[in-house]
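Thank you all for making the time this morning. I would like to walk you through one structure, going from its strands to its core and then to the residues that a record marks out.

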Amino acid sequence: MADTWDNVTIPEFNSLLQMDPYLKQYEKDFRRRYGLFEKRLFLLEEAEGGFDQFTRSYRTFGVNRMADNRLVLREWAPAAEALFLTGDFNGWDNFSHPYEKKEFGKWELCLPPKHDKSPAIEHNTKLKVVVHTKKGERLYRISPWAKYAIQTEKQVIYDWVHWDPPQPYLHIHPRPKKPQSLRIYESHVGIASPDPKVASYTNFTTNVLPRIKDLGYNCIQLMAVMEHAYYASFGYQVTSFFAASSRYGTPEELKQLIDTAHSLDIVVLLDVVHSHASQNTEDGLNSFDGSDSCFFHSPPRGEHALWGSRLFNYSSWEVLRFLLSNLRWWMEEYRFDGFRFDGVTSMMYHHHGIGSMFSGDYSEYFGLQVDEDSLVYLMTANHVLHTLYPDCITIAEDVSGMPAVCRSVAEGGLGFDYRLAMAIPDKWIQILKELADEAWDMGNIVYTLTNRRYGENCIAYAESHDQFVVGDKSLAFWLMDKEMYTNMSSLIPMTPVIDRGIQLHKMIRLLTHALGGEEGYLNFMGNEFGHPEWLDFPRKGNNESYHYARRQYNLLDTDHLRYRQLYDFDRDMNRTEDKYGWLAAPPAFVSAKHEGDKVIVFERGNVLFLLNFHPTRSQTNYRVAVASPGKYTIKLDSDEVQYGGHGRLDHNTEFFTEPQPFNERDNSMLVRNISERENSMLLRNTSERERDASLPALVSQL
């Protein structure tokens, strides 16, 4: 078998080795993975006529209406003894409509139209699959391919509802072009309102989309859309993979949300969960055919010890059909623009990352601990998506740092476009929890923000939903805590706590935005304006309260509250990036990370950033290094009064470089004042001779 993998050719593997020669010693691992991927594609071509038809299996599985209004129903239940369909359409008769057994564990039922030529099953009526097991049990199940499921009031179990509206929503607007700089607004529809209830798709379309557009974000990552029976799971215990959550409204209303986002030139990503599934049986995938496997590995391999969920068998042909078709369904039916793949670390390793610190030693990423079935699935998924939809965006949630996750499949990589820079928010939380301001380590902060695999794009973020759930709290609340309840009015002087919190909130986000990301930045909804407290969904432990399961956008509507100042800074930071494009620029050159002065200076995208984290000392006549000679002016200043600053900088000031080498740059200049922990400047070169060129700028927080 080893000789077989030796003969595998990875088309662009040399490009990967040029970027990281240390991977050469693991060439056999890459060849084996790529060989398994090639074999998968070959078998798809041989058995299914290629992946195009294979990934459209939602047209043949579940319930599908033909042109003559016949209904064809198909399921995969290899361990079942018999299958029946019951529901409103037949008065809940458990035996009148049996499926016919086909080969390879498939079952099929054809329902002719009624006498009036209408479909035998009406739109918006309830159904169940009745599964008879070899043990003589009778089980009531939801089709794995169900497109809609609802929870009737006072019921725990979800019901399968046949969704086939006579006038389905038709998308009007084309997909936007893939942005060069991805500025992501991570969102949860259900909490997107200040009201203590589950908010709707329509509320998001009407009230939240305009805010996202105004803020300068060009991408929305929608969480908790795939149907999940347990609301407090944040959407990560999926029960119906093809169903948009009915908590927030109908499938047509979700389509309208996405179409409206497209009209605003905003792309929309789905937070897709293919790493595991809910262990629910009556309204989930678990034990669909009565066995302990079906879509999953049998226990113990098929169970996640920490999450209490089921783990897919990625080597199964029908599981591959189900998951790849699931991706295609969301792209085609709802017109999503891509996916953030949840739990990729758990997928890639047999240990699921449990108890693994991931030191960065390459031996951790190869060998028997790696689940190659999962890797091949991810390679196949990315290959299919990027072949069918060249502008499709895929993001991996991986904390392990596995090499080549974000390199093309042709190079031997997994084919993702981006990975999440998950160490950055952990670093900010650790600093705020453990260190006094005087003890902040500039070198360590810069290291954390820039420690990423070269050539693999990553999404930087100061905080996401993970840092916001119960047991933790938002950065703003770490910074200002209970004073946010009483001292956020601009009609009264800022207390020292509020002053510090407002300034550091802006500085942390700007530094993360400009230094931490490679083509991408993410913000969780509401955190841009310093949302107080934390997230906690209604559950028994909090008396089913919605108090912390909402976003208080109403705080922005009171002009004298300082939340508006933080909102305005976040908006102008994004708009400035949109103008100068530092996220899509090559990695920054950091010319200063001065521990005594607590100053960080770097250049990126022809912009010079200055940040002074010193809690008490301003810097005057401070020399900073710069590559491009000329005249610089301020383009973004966090000390402006409109951002909750103190207005100590004169924006008419012009800064001129001198041919004086400094900190490994040929030129430098004196900046007259960089105030303590309050002054964030973006300086841009506006020399007359360069005005029409791609000019350098300066963003500074000093």
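This is a predicted model: local features need pLDDT of at least 70, side-chain atom pairs count only at pLDDT 80 or more; totals for chains, interfaces and linings use all residues.

Because six of the six residues of β24, which covers residues 607-612, are buried, the strand is largely enclosed by the rest of the structure. Its partner is strand β23, residues 599-604, and the two pair in the antiparallel sense over six bridges; within that pairing, I600 has L611 of β24 as its bridge partner. The hairpin that β23 and β24 form has two residues between the strands, and there G605 takes a positive phi near 60 degrees.

Let me turn now to the barrel. Eight strands close into it, in the order β10-β11-β14-β17-β18-β19-β20-β21, and their pairing is parallel; from one strand to the next, the twist averages 30 degrees. Lying across β10 and β11 is helix α5, residues 201-215, which runs at about 155 degrees to β10.

There is also an open sheet of four strands, in the order β1-β2-β5-β4, and its pairing is antiparallel. Its edge strands are β1, at 62-65, and β4, at 100-101, each of which pairs on one side only. Between β4 and strand β5, residues 106-111, there are two bridges, and E100 stands opposite E108 in β5.

What about the nonpolar core? In soluble globular proteins, nonpolar side chains tend to be buried together. Here the largest nonpolar core has 157 residues, and those with the most contacts inside it are F204, W330 and W428. A second, separate core has 24 residues, among them A80, L83, A146 and A229. Coming back to W330, and leaving out residues up to four places away in sequence, its contacts include V225, M226, F241, F242 and L270.

Finally, which residues does the UniProt annotation "active site" cover? In that unreviewed entry, they are D342 and E397. They span 56 residues in sequence, yet no two of their C-alpha atoms are more than 5.5 Å apart, so they gather at one spot. Of these residues, E397 is included in the lining of the largest cavity.

D342 is found in the loop between β17 and α8, whereas E397 is found in the loop between β18 and β19. Are they buried or exposed? D342 is buried, with a relative accessible area of 7%, and E397, at 12% relative accessibility, counts as buried too. Setting aside neighbours within four places in sequence, D342 is in contact with several residues, including Y236, D271, H276 and E397, while E397, on its side, touches R340, D342, M422 and D466, among others.

Conventions
Residues are numbered from 1 along each chain as its sequence is written. Side-chain values use heavy atoms; hydrogens and water are left out. A nonpolar core is a set of buried Ala, Val, Leu, Ile, Met, Phe, Trp, Tyr and Cys residues joined through side-chain atoms within 4.5 Å. Buried means under 20% relative accessible area, exposed over 50%, partly exposed in between (1.4 Å probe, protein chains only). Contact means heavy atoms within 4.5 Å. UniProt positions are given in the numbering used here, feature names are shortened, and annotations may be inferred rather than shown by experiment. On a 1 Å grid over the protein atoms alone, a cavity is a set of points where a 1.4 Å probe fits but cannot get out, and a pocket is an open set with protein on both sides within 12 Å along at least five of seven lines; lining residues have an atom within 4 Å of a point. Two strands pair if DSSP finds at least two bridges between them. Axes are lines fitted to C-alpha atoms, for helices over the stretch in contact, and angles run from 0 to 180 degrees between N-to-C directions.
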